[in-house]
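This note is for a colleague who is meeting the structure for the first time. Please read the numbered points with the sequence and the model in view.

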Amino acid sequence: MTDADVYGLLGEVFDDVFEDPALRLARDMRLEDIAGWDSFKCVLLLSAVEVRFGIKAKSQEIDDIRTVGDIVRMIMARRR
């Protein structure tokens, strides 16, 4: 799976969680830049990411997430 594949699937997850089909992800997009981002949405998003990509994130990885690119790196690392 390539970064582009992950971004495509991750975009679908973000759309489901944030209900915003106009949202376009970028590597350097900070999570705080996303309208509606709060702790509840964070839990929903990370749960959806784990289910969609068949991974289990470690708590340290979750703590280190600051950007969309961090989520992509976590997914790629877990899928290996």
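The points below go from the whole chain to single residues.

1. Basis of the note. The model is predicted, so that local features need pLDDT of at least 70 and side-chain atom pairs count only at pLDDT 80 or more, while totals for chains, interfaces and linings use all residues. Residues are numbered from 1 along each chain as its sequence is written, and side-chain values use heavy atoms, with hydrogens and water left out.

2. Overall fold. The protein chain has four helices and zero strands, in the order α-α-α-α along the sequence. Helices (H or I, at least four residues) and strands (E, at least two) are DSSP runs, numbered from the N terminus.

3. Overall dimensions. Along the principal axes, the C-alpha atoms fill a box of roughly 30 × 25 × 20 Å.

4. Of the 80 residues in the protein chain, 39% are buried; buried means under 20% relative accessible area, exposed over 50%, and partly exposed in between (1.4 Å probe, protein chains only). Among contacts with a separation of 6 or more, 60% join residues 24 or more positions apart, where contact means heavy atoms within 4.5 Å.

5. Helix 1 against helix 4. Helix 1 (residues 3–18) and helix 4 (residues 68–78) pack at an angle of about 115°, and their axes are 10 Å apart. Axes are lines fitted to C-alpha atoms, for helices over the stretch in contact, and angles run from 0 to 180 degrees between N-to-C directions. On the helix 1 side the contact includes Tyr 7, Leu 10 and Phe 14, and on the helix 4 side Ile 71, Val 72 and Ile 75 are among the residues met.

6. The nonpolar core. Which residues touch the most other members of the largest nonpolar core? They are Leu 10, Phe 14, Val 49 and Ile 75, in a core of 26 residues. Such a core is a set of buried Ala, Val, Leu, Ile, Met, Phe, Trp, Tyr and Cys residues joined through side-chain atoms within 4.5 Å. Helix 1, helix 2 (39–53) and helix 4 each give two or more residues to this core, and helix 1 gives the most, with eight. Leaving out residues up to four places away in sequence, Phe 14 touches Glu 19, Leu 23, Leu 25, Ile 34, Leu 45, Val 68 and Ile 71.

7. The setting of helix 4. Helix 4 is largely enclosed by the rest of the structure, because eight of its eleven residues are buried. Its buried residues pack against helix 1, helix 2 and helix 3 (59–63). One of them is Asp 70, which counts as buried because its relative accessibility is 16%. Asp 70 touches Asp 64 and Ile 65, not counting residues up to four places away in sequence.

8. Are Glu 50 and Val 51 buried or exposed? Glu 50 lies in helix 2 and counts as buried at 18% relative accessibility. Val 51 is also found in helix 2, but counts as exposed at 70% relative accessibility.
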